[in-house]
Amino acid sequence: MDKDNINKKEILKLLGIIGIDTRYISYTPNIIYINDQRFAKFSKKRQETFKKYYPEIEIISSGILRKICIKFSEIIANEISPKNNVLILKPKNKVDYLLKIVLEPYTRKYGINIIEYDIDDIESFISNLNSEKPFSLNINELENTHDLKFINRKRNEEKKEKYKL
């Protein structure tokens with residue numbers, strides 16, 4: 001186990017001990033983002049207690065992040081199931097990084113596994129997804145591929161329309 005994973009477990013354990021519900025925070029090695037202040041129970045007093053043990057970790061609470069997380073949870077509730085593998089792009093910009101931050105608590109809430117994939121030519125990857133022909137993905141670079149599924153939503157919606165009475 002590498003140092004970051006040990007620290008993450010220790011930090012999450014401390015947060016649980018001081019009464020914080022870690023399902024409503026996002027952990028990164030240097031920053032803790034509070035996704036929902038009320039549900040996380042991350043009061044000022046608890047922040048002070050946490051800072052005694054880890055003063056180098058910044059705690060960020062943002063109303064905008066809270067709104068994003070609430071909207072995201074409404075959308076993703078119908079898209080993922082417990083223990084799913086979720087494929088995302090390795091963060092290359094702020095939006096990609098935000099997606100990773102917002103998804104992170106779902107590793108604890110539902111036990112999902114986030115798989116980051118680096119795609120050099122995103123345009124060709126997207127065009128392959130939108131085409132009728134099958135596309136290829138180097139499965140050797142992925143971990144836990146037994147649950148990895150690709151669904152062409154457009155085709156599934158067409159099938160549903162076809163069989164409607």
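The buried residues of helix H5 (94–103) are covered by elements that include strand S1 (25–27), S2, H4, strand S4 (85–89), H6 and strand S5 (113–117). Buried means under 20% relative accessible area, and exposed over 50% (1.4 Å probe, protein chains only). The model is predicted: local features need pLDDT of at least 70, side-chain atom pairs count only at pLDDT 80 or more, and totals for chains, interfaces and linings use all residues. Residues are numbered from 1 along each chain as its sequence is written, and side-chain values use heavy atoms, without hydrogens and water.

**Helix H5**
- Asp96, Ile101, Val102 and Leu103 are the buried residues of H5.
- At the start of H5, a side-chain oxygen of Asn93 comes to within 3.1 Å of the backbone nitrogen of Val95.

**Helix H4**
- Leu65, Cys69, Phe72 and Ile76 are the buried residues of H4.
- Seen down the H4 axis, these buried residues fall within an arc of 65° (directions from the axis to the C-beta atoms), so they line one face of the helix.
- Ile64 and Lys67, on the other side of H4, are exposed.
- The buried residues of H4 pack against strand S2 (31–34), H5 and helix H6 (106–109).
- At the start of H4, a side-chain oxygen of Ser62 lies within 3.3 Å of the backbone nitrogen of Ile64.

**Confidence**
- The protein chain has a mean pLDDT (the predictor's confidence in each residue, from 0 to 100) of 78, and 69% of its residues reach 70 or more.
- Over residues 145–156 the pLDDT is below 50; beyond near neighbours in sequence, this stretch has 16 contacts (heavy atoms within 4.5 Å) in the model.
- Where pLDDT is low, the predicted coordinates should not be read in detail.

Definitions and conventions:
Helix = DSSP H or I, 4+ residues; strand = E, 2+ residues; numbered from the N terminus. Polar contact = N/O pair within 3.5 Å; in protein donor to acceptor, adjacent residues only side chain to side chain.
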